[in-house]
Amino acid sequence: MSETHTHHRTCNICEAMCGLVITHDGKEVLSIKPDPNDPLSRGHICPKAVALQDFRTDPDRVTKPLKKVDGTFVEIGWDEALDYAAERLLAVQEAHGKDGVGVYLGNPNAHKFGNLMNIPGLVRALGTKNRYSSATADQIPHHVASIHMLGHPMLIPVPDVDRTDFMLILGGNPVVSNGSMMTAPGFGRRMDEMKARGGRVVVIDPRRTETAEKASEHHFIRPETDAFLLLAMIREIMARDLVDLGHLSHAAIGLAALREAVEPFTTDLAATMTGIPAETIKGLALGFASAPRAVCYARMGASTQSFGGLCQWANNVLNIITGNFDSEGGAMFTTPALNYVGMTPRKGKDRSYPERRSRVSGQPLYNGEFPVSVMAEEMETPGEGQIKALVTIAGNPVLTAPNGRRIEAALEKLDFMVSFDIHVNDTTRHADLILPGTVALEEVVYDMVFHSFAVRNTAAFADPVFDPPNGNPQEWEVLARLAAKIAGTNSPAPSPTQMLEALLPRGYHGETVTVEAMRAAGGSIDLGPLVPNLTDRLETPDGKLHLAPQVFVDDLPRLLAFADGRDDDYPMFMIGRRLVRSHNSWTQNSPRLVKGRNRVTVQLHPEDAARLGIADAAQVRVASRVGSVTMPAEVTDEMAPGVVSIPQGWGQAKGQVATAAAVGSVSINDLTDDTRIDPVSGNAAFNGVPVALTPV
Ligand SMILES: Nc1nc2c(c(=O)[nH]1)N[C@H]1C(S)=C(S)[C@@H](COP(=O)(O)OP(=O)(O)OC[C@H]3O[C@@H](n4cnc5c(=O)[nH]c(N)nc54)[C@H](O)[C@@H]3O)O[C@H]1N2
Ligand SMILES: Nc1nc2c(c(=O)[nH]1)N[C@H]1C(S)=C(S)[C@@H](COP(=O)(O)OP(=O)(O)OC[C@H]3O[C@@H](n4cnc5c(=O)[nH]c(N)nc54)[C@H](O)[C@@H]3O)O[C@H]1N2
Ligand code: SF4
Ligand SMILES: [Mo]
């Protein structure tokens, strides 16, 4: 009988960083269970954690470099693969300049420490400005708000959920998503605790979500109108002299400009635009301002929309002017063991923003990345700077970016494409070369990004459990080797663990948090609740907290001219939905996650269903300006009338990722429109896409 080993690590599928106890025999996983002693997750996990083992043994997993020869993939060796990649990328740059090669980085990179440490080297070696990532289909408005208000994109305020008395949630469904830009594993339990101590949770969402169901209160909102609500609350609080900047009163500037800016945003206007009664809005404003500790949290629903930048700005302003910023129970800032903000200071550096604008349609660039919404036109449009070759690293934009099929068509015309991935999927099947990645249990884990966004300071590290298949190198090593080949250097890269050891002493807990200490702790080290720290950390050129940055004030006339885009052809709004048992586009090949009824349905309100003659479970055609899909209807009063919802991350083509394709699901991004964008932040506006439904 083989020996049973016990291994502690944090799950790195989503942002929640749940502590796991894994038993294995050196070859196979025997069990994956929640770690009740983890100081952050306290015994919470979701069904996806158990599937961590499936990603390793997935029969469809790519485990050898695949080169496309005459339209079919053939297995080749690593040396040949890296030579081929470097040669072809350099040839494209030789012919079309550095910017001829584009790079798209997907969401899993944020969870893979080795990738985070080695992608910058590859990007530097390529020297291209044509960089994209899933951030502009997700959270770039948060970073843009932080840049303009606080001076650094990674100074991200996190709701102190464990100590607040009033939480206002706009466009987030943390009971399902487990929190985003807010690492809060077991959010449902945290919410129960909040209510048990007399707290109030209010959810604003066009769908009565799983979070809304558990909340004290839920209000439907017309998609994309959140900024009206937030600005009206701010105006109401200012008009009633309830402003309390607390310890930030010396740091914050721009109160007068703010007062003037919000003047047109009355509660009556907000009521008309949002569909929430004016009295309710006033009540929310007063309740928020008078709660001892309150926090407003605006997430996906409020950032992946045409006014994402304004929403995140207003969200911060509401917290700041009620004394709920950088204070207990409000929006707080982590002091992480790996201090990314400290490693990349901006203080005293007078930069201009946006850093650049895109070549074809002039959309803004922040954090060194253009909006993914313009990636297709940058591949399609000839001229200097056109993308002629693409590197994708753990990304699946054909299924995850707006109007993904337009990207797909553009991929087919590239001179060369190389994908770091684990599957042949809707995106990577267009590659000339796929370089297989290593998956969670084969890698070290240290969540550099999500320790920075967590509701409590902790630090967790774990070594790999298993070796990669076929004696494959670690993914970070492949990234480093390709970077070296392109740059023409040959110095060996330090391992992620070595890099972590070098970086930790420069963080907030240099004495207590070392790799050895984390190993010895058998999981996570608790570093305590969040503490106020912002006044010393502001990174704006003048060291002040800016309440009314010009970029947001200048965008207010656009909000006032709001037009929702619906017409007779497309009279309803579409929004997205996350499912408990899938993560974006890539976990759907785990049979244990996909089993059961098909949840990839279009949800609509009973009144709409009756009007349109659509029966529950019947097939319906959903059409938008850019495309159409046919899928089963789910009639439910969870939806606001006039709004329909479709899960994101599905639509896998047949024959590649077999389990997912067998469900016969569709991609929401066959319908989303790449011309719908927040011009301030460049984020894709996934919410409120005008659509039409017809029974089939
Ligand atoms: N309509 C709509 N669209 C959305 C959203 C929405 O709510 N609505 N959500 C958006 C959000 S928030 C996000 S973050 C994006 C995500 O967008 P992406 O990052 O483009 O998509 P993912 O589904 O995360 O794709 C991950 C890719 O990485 C591969 N992969 C998984 N693990 C590994 C690994 O360990 N190594 C390597 N090399 N590859 C790996 C998978 O096979 C897959 O190809 O989607 C966005 N798209
Ligand atoms: N199970 C699961 N968990 C996940 C993921 C997953 O795919 N599956 N993905 C992970 C990723 S990459 C991310 S970024 C996070 C995202 O985590 P969340 O931010 O919680 O994202 P969603 O669950 O998409 O919730 C967005 C909510 O916004 C609502 N909404 C849509 N339009 C509007 C609007 O105009 N106004 C308002 N107020 N609400 C609106 C939607 O109905 C939905 O309830 O989740 C992460 N966790
Ligand atoms: S909530 Fe996220 S981190 Fe926690 S077990 Fe599920 S997928 Fe993993
Ligand atoms: Mo995301």
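In these legends, Ala, Val, Leu, Ile, Met, Phe, Trp, Tyr, Cys and Pro count as nonpolar, Asp, Glu, Lys and Arg as charged, and the others, Gly among them, as polar. The views are taken from a predicted model.

View 1. By class, the shell of ligand 3 comprises nine nonpolar residues, one polar residue and one charged residue. Cysteines in this shell include Cys11, Cys14, Cys18 and Cys46. Ligand 3 is also surrounded by Ile13, Ala16, Met17, Ile45, Lys48, Ala49 and Asn178.

**View 2. The residue shell around ligand 1.** Of the 30 residues around ligand 1, those that come nearest are Asn107, Lys112, Thr400, Asp421 and Ser585. The shell divides into 14 polar, 11 nonpolar and five charged residues. Two elements, α17 (397-400) and β18 (416-421), each contribute at least two residues to the shell around ligand 1.

**View 3. Polar atoms facing the oxygen atoms of ligand 1.** A backbone N or O atom of Asn396 is placed 2.9 Å from an oxygen atom of ligand 1. For Ala394, a backbone N or O atom lies at 3.4 Å from an oxygen atom of the ligand. Arg578 takes part through its side chain, with a polar atom 3.1 Å from an oxygen atom of ligand 1. Taken alone, ligand 1 exposes 920 Å², of which the protein buries 97%.

**View 4. Arg61 and its contacts.** Arg61 is located in the loop between α2 (52-57) and β4 (66-69). Arg61 counts as buried because its relative accessibility is 8%, and buried means under 20%. The side chains of Arg61 and Glu442 are joined by a polar contact of 2.9 Å. Not counting residues up to four places away in sequence, Arg61 touches Phe55, Arg56, Ile422, His423, Gly437, Thr438, Val439, Glu442 and Pro469.

View 5. Leaving aside neighbours within four places in sequence, Leu545 is in contact with Met149, Leu150, Leu248, Ala251, Ala252, Ile253, Ile320, Phe325, Leu534 and Leu538.

Methods: Residues are numbered from 1 along each chain as its sequence is written. Chains are lettered from A and ligands numbered from 1 in the order in which they are written. This is a predicted model: local features need pLDDT of at least 70, side-chain atom pairs count only at pLDDT 80 or more; totals for chains, interfaces and linings use all residues. Side-chain values use heavy atoms; hydrogens and water are left out. Contact means heavy atoms within 4.5 Å. A residue is near a molecule or strand if one of its heavy atoms lies within 4 Å of it. A polar contact is a pair of N or O atoms within 3.5 Å; within protein, one must be able to donate a hydrogen and the other to accept it, and residues adjacent in sequence count only if both atoms are side-chain atoms. Accessible areas come from the Shrake-Rupley method with a 1.4 Å probe; for residues, only the protein chains shown count as cover. Helices (H or I, at least four residues) and strands (E, at least two) are DSSP runs, numbered from the N terminus. Buried means under 20% relative accessible area, exposed over 50%, partly exposed in between (1.4 Å probe, protein chains only).
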